[in-house]
Amino acid sequence: MIQAVFTGLFGLAAIWFGVVVFRTASMVRSALALLFSMAAIGGMFLAMEAEFLGVLQLMMMATEMAIMAIFMVMYMMDPGGLGGMDMTHQKRASLVAGALGALGSLAVAVLAGWGPVEERVPAATAQVRGLGIEIMERSMLVFETAGVTILTAMIAATAIAIQRRR
Amino acid sequence: MITATLTILGPLAAVVLILLLRRGASALALLGTAAGLVGAGFALAGMANGARYAATLPGLPGLPLRLVVEPLTAVLSALVAVVGFLVVVYAVGYMKVEDGKVRSFAQVSFFLAAMQALVLAGDWVLLLAAWELIGVSSYLLIGFHLDRPAAASGAARAFLYTRSADLGLYAAIFVLVAGTGTSEIPATFDVGGPSATAAGLLLLLAAAGKSAQAPLHGWLQDAMAGPTPVSALLHSATLVAAGAILLIRAYPLLPPGVLLVVGLLGGLTALVTGLVALAQTDLKRLLAASTSSQYGFMLLALGAGGPFGALAHLVAHAAMKSALFLGAGFFQHARGSTAFDHLTGAGREHRRVFLGFVVAGLALPGVPPPGGVWAEDAVLAAAFGAEDAWAFVPLAILGTLLTGAYVARALRLLWRGEGRDTPVAGASWMGAGLAALAVLAATLGAALPPLARLLGAETEGLGLGAVFGLAATLAGLTVGWYVSPGRLLGPLRGLAESGFRIGGGFDGLVARPALATARVLSVFDDSIHAVVLGVGRLGFAAGRASRLADERGIDGLISALVDGVRRLGGRARELQSGLVHKELLLAVVGAALIFLLLATGL
Amino acid sequence: MATLTVALIVGAVLFGIGLYGALSQTNLVMIMMGVELMLGAAMVNLVAFWRFLHPEVYAGQMFVLIVMTVMALEMTVGFGIATGRFRAKGSVEMEEAGDLKG
């Protein structure tokens with residue numbers, strides 16, 4: 001019961017801040033709103049007793065959003081949002097797409113029978129241990145692939161962003 | 001019999017060889033006619049010994065073709081063969097300066113073969129066929145000079161006149177064959193009553209056309225546009241004789257009424273054409289009118305009941321007239337034309353030819369001793385002895401008078417005047433033919449009694465007719481020599497010169513209506529032709545329209561297709577905007593579709 | 001049961017918002033923000049399914065880790081591209097990026 005309440009509260013917060021991301025004109029505020037949304041999602045994780053993931057989420061998102069804020073200020077025309085320009089296009093199509101996506105997912109979520117709910121969950125340390133074993137044993141390949149992919153991405157990003165030698 | 005048929009086969013072989021080999025035409029023609037002469041002589045000798053030949057050839061069903069050699073036909077065949085041979089001899093010389101030897105000798109030989117077939121014919125079908133063939137030959141021969149319009153129109157005229165008259169022969173044959181059921185000539189004479197009268201009159205029509213009797217005498221004048229040997233052969237001795245021959249052979253058929261008509265027609269013709277001859281200004285035309293006149297005499301004799309007299313006159317006239325024509329041809333080569341204006345004095349410069357001319361010319365009216373007088377005697381005797389002598393005798397006497405007159409006129413015009421010394425090519429050949437015929441003309445008189453015996457006819461001695469005849473002849477000769485035709489004829493001169501055309505003549509009554517009808521029918525034919533062409537053109541137009549519609553239709557379809565595809569491509573191109581957000585939208589739509597497909601389990 | 005539904009609903013709504021944002025924004029960075037939100041929604045769903053349906057199977061948590069990695073990578077490469085684009089054209093507005101127009 002309490003779990004549901006907290007999950008719900010954190011969820012509402014995430015939604016609220018998600019809306020703010022796109023409603024505000026200021027770029028920094030947008031970035032901060034996204035940060036808070038992500039933080040709320042982390043809170044939801046914690047409320048759903050996935051502690052490792054929740055902490056991980058909070059930590060990663062904090063850093064990422066900060067970086068994003070910097071990039072925003074670098075690349076945006078009007079970072080402060082004081083110009084009053086409408087920075088959107090194909091509004092109707094997007095609205096329709098978004099609404100349809102949300103409704104579809106909602107329908108699935110509410111109407112589908114997900115089966116019996118497990119009440120008991122392992123302790124946090126046991127979870128971490130189990131996750132570690134999962135990574136190392138069954139999902140080793142996935143892990144390795146992820147590692148290689150990260151490396152590739154880093155190199156690619158650097159390569160793109162490097163200034164061309166004259 | 002085979003030797004007798006040489007008369008036909010000789011000239012026929014000559015025609016074939018001339019047309020095949022195309023060289024040596026004159027030699028081949030001479031050979032052919034010589035062979036014919038041999039055959040005819042043989043046949044005549046056979047007749048004298050009392051033989052009779054006959055041959056039957058396959059013809060129409062029930063009407064076989066027959067050749068008959070009996071005294072009458074043998075005599076005629078010999079006549080044609082002799083005249084034919086001598087004229088061909090003459091033609092060798094005449095044609096030395098002319099072109100077209102192959103054509104001319106081939107046509108003459110063809111004519112001779114056809115004429116012999118006609119003379120020897122024993123049934124009507126063969127006679128009719130030969131009759132038509134000699135008509136065709138006449139057309140070809142008269143129109144020999146292809147570049148002279150006078151020759152072409154003369155030939156056409158001759159053909160039209162004689163062909164129209166031939167309808168009489170067709171109708172007569174029809175009557176006779178239908179009446180007796182056979183086409184054998186002697187057998188058909190048994191038909192009696194009105195059929196005989198009708199047949200007789202129709203035969204007279206055909207004979208009048210062929211022998212240039214009035215009122216069908218106009219064509220002979222215009223036929224003189226042909227070469228002179230042709231005139232000598234065809235239009236004095238043989239082709240025009242065919243009419244008289246027809247009537248002589250059909251004599252047993254003709255009832256007395258028809259005979260009267262025959263005789264009167266003949267006598268009238270003798271008179272009318274004698275006047276015409278007197279008024280002519282061209283030697284050959286004079287001779288042509290004379291021919292019509294002499295054949296009138298023959299018909300007169302026939303009508304008066306003397307078939308032998310007609311035959312005798314025919315034989316004698318053949319020799320005389322051809323000799324005269326040959327002489328005229330000689331003068332034509334010397335002076336270049338046959339008009340009297342050009343021929344003055346021609347007699348003086350070619351005296352030997354003129355001698356022959358004189359002999360034949362005097363023989364014509366009946367001056368003794370040349371043979372013509374005996375023939376004239378026979379005619380006059382028949383006339384005096386006939387039942388209707390009151391009609392026949394005056395006509396005969398007047399005819400004889402006129403004959404003397406125009407002969408004397410011709411002789412005078414040829415003799416008077418200056419002689420020019422012009423050489424003539426081929427004189428020896430021409431002279432030979434002429435001389436032979438002149439001799440024949442002079443001596444035929446001696447042959448008449450044996451001829452009469454052969455044919456079973458009687459000859460009377462010199463009687464009243466002979467005296468009157470001689471008197472008329474001498475009177476005519478004197479008148480013709482001293483008195484000019486203008487004073488003789490008076491007001492009739494113009495009419496006589498133009499040949500006494502009646503009612504617009506043949507042209508107005510027959511030729512022009514026929515041609516007008518032909519023109520109307522031609523217009524009709526053209527309109528049908530136009531309809532047929534129109535249908536064809538319609539078909540073409542339909543084809544063109546279909547092709548057009550096809551092209552436009554299919555083209556239109558194809559261009560529409562192309563346009564549609566292009567437009568579709570344009571629309572599809574809009575998807576490729578290159579803008580990220582649009583592509584994102586597309587990605588979202590695609591993902592939704594895939595999700596749907598997966599969810600519904602496809 | 002109730003918490004699961006709540007979490008799923010939240011996930012659904014977040015997804016919709018994120019989709020709207022990704023499609024309607026002109027700036028590349030804003031588009032990336034939308035994608036982040038969508039990924040976050042996915043993560044929420046994943047955690048909810050793990051917690052309430054199969055808590056003993058850690059593959060769920062593994063999946064979440066992967067998604068987080070993907071988020072990070074996406075940001076990395078995306079910003080790299082944005083830098084490159086900014087250097088070449090002077091702006092990262094997607095409205096002007098029609099170079100691949102067909």
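# A predicted three-chain model

Glu49(A) sits in the loop between α2 (27-47) and α3 (51-75) of chain A. Helices (H or I, at least four residues) and strands (E, at least two) are DSSP runs, numbered from the N terminus. The model is predicted: local features need a pLDDT of at least 70, side-chain atom pairs count only at pLDDT 80 or more, and totals for chains, interfaces and linings use all residues. Residues are numbered from 1 along each chain as its sequence is written, while chains are lettered from A and ligands numbered from 1 in the order in which they are written.

## Confidence

The predictor assigns the complex an ipTM of 0.90 and a pTM of 0.59. For chain C the mean pLDDT (the predictor's confidence in each residue, from 0 to 100) is 89, and 98% of the residues of chain C reach 70 or more. Where pLDDT is low, predicted coordinates should not be read in detail.

## The chains

Chain A has 6 helices and 0 strands. Its pattern along the sequence is α-α-α-α-α-α. Chain B holds 24 helices and 2 strands. Chain C has 3 helices and 0 strands, and its elements run α-α-α from the N terminus.

A residue counts as buried if 20 or more other C-beta atoms lie within 10 Å of its own, exposed if 12 or fewer, and partly exposed in between; C-beta atoms are placed from the backbone. The table gives the buried share of each chain.

| Chain | Length | Share buried |
|---|---|---|
| Chain A | 166 residues | 31% of residues |
| Chain B | 602 residues | 51% of residues |
| Chain C | 102 residues | 63% of residues |

Two residues are in contact if their C-beta atoms, placed from the backbone, lie within 7 Å. Take contacts between residues at least 6 apart in sequence. In chain A, 58% of these join residues at least 24 apart. In chain B the share is 81%. In chain C it is 54%.

Helix α1 of chain C covers residues 2-24, 23 residues in total. It reaches 33 Å from first C-alpha to last, close to the 33 Å expected at 1.5 Å a residue. That expected span is 1.5 Å times one less than the number of residues in the helix. Helix α2(C) has 26 residues and reaches 37 Å, close to its expected 38 Å. Both are mostly covered. In α1(C), 21 of 23 residues are buried; in α2(C), 23 of 26 are.

How many residues of chain C are in contact with chain A? There are 64, and they meet 71 residues of chain A. Helices α1, α2 (28-53) and α3 (59-89) of chain C each supply at least two residues of this side. α1(C) gives the most, with 21 residues. By type, this side of chain C divides into 42 nonpolar, 17 polar and 5 charged residues. Here Ala, Val, Leu, Ile, Met, Phe, Trp, Tyr, Cys and Pro count as nonpolar, Asp, Glu, Lys and Arg as charged, and the others, Gly among them, as polar.

## The cores

A nonpolar core is a set of buried Ala, Val, Leu, Ile, Met, Phe, Trp, Tyr and Cys residues joined through C-beta atoms within 7 Å. The largest has 193 residues; Leu118(B), Leu203(B), Ala244(B), Leu300(B) and Ala441(B) have the most contacts inside it. Helix α3 (residues 71-94) of chain B provides the largest share, 19 residues. Where does this core lie? Domain 1 (1-162 + 215-249) and domain 2 (258-500) of chain B both give residues to it, so it lies between them. The domain bounds come from an automatic or database domain assignment.

Apart from this core lies another, of 79 residues, including Met33(C), Val44(C), Leu65(C) and Val92(C).

Beyond four places in sequence, Ala244(B) touches Ala207(B), Ser211(B), Tyr295(B), Met298(B), Leu299(B), Ala310(B) and Leu314(B).

Ala206(B) lies in helix α8 (residues 193-210) of chain B. It counts as buried because it has 26 C-beta neighbours inside 10 Å. Its C-alpha atom is separated by 5.0 Å from that of Gly168(B), 38 residues away along the chain. Leaving aside neighbours within four places in sequence, the contacts of Ala206(B) include Ala165(B), Asp166(B), Leu169(B) and Leu246(B).

Most residues other than glycine have a negative phi. Ala212(B) has a positive phi of about 55 degrees. It lies in the loop between α8 and α9 (218-222) of chain B. Is Ala212(B) buried or exposed? It counts as buried, with 30 C-beta neighbours inside 10 Å.

Glu49(A) also has a positive phi, near 60 degrees. With 18 other C-beta atoms within 10 Å, Glu49(A) is partly exposed.
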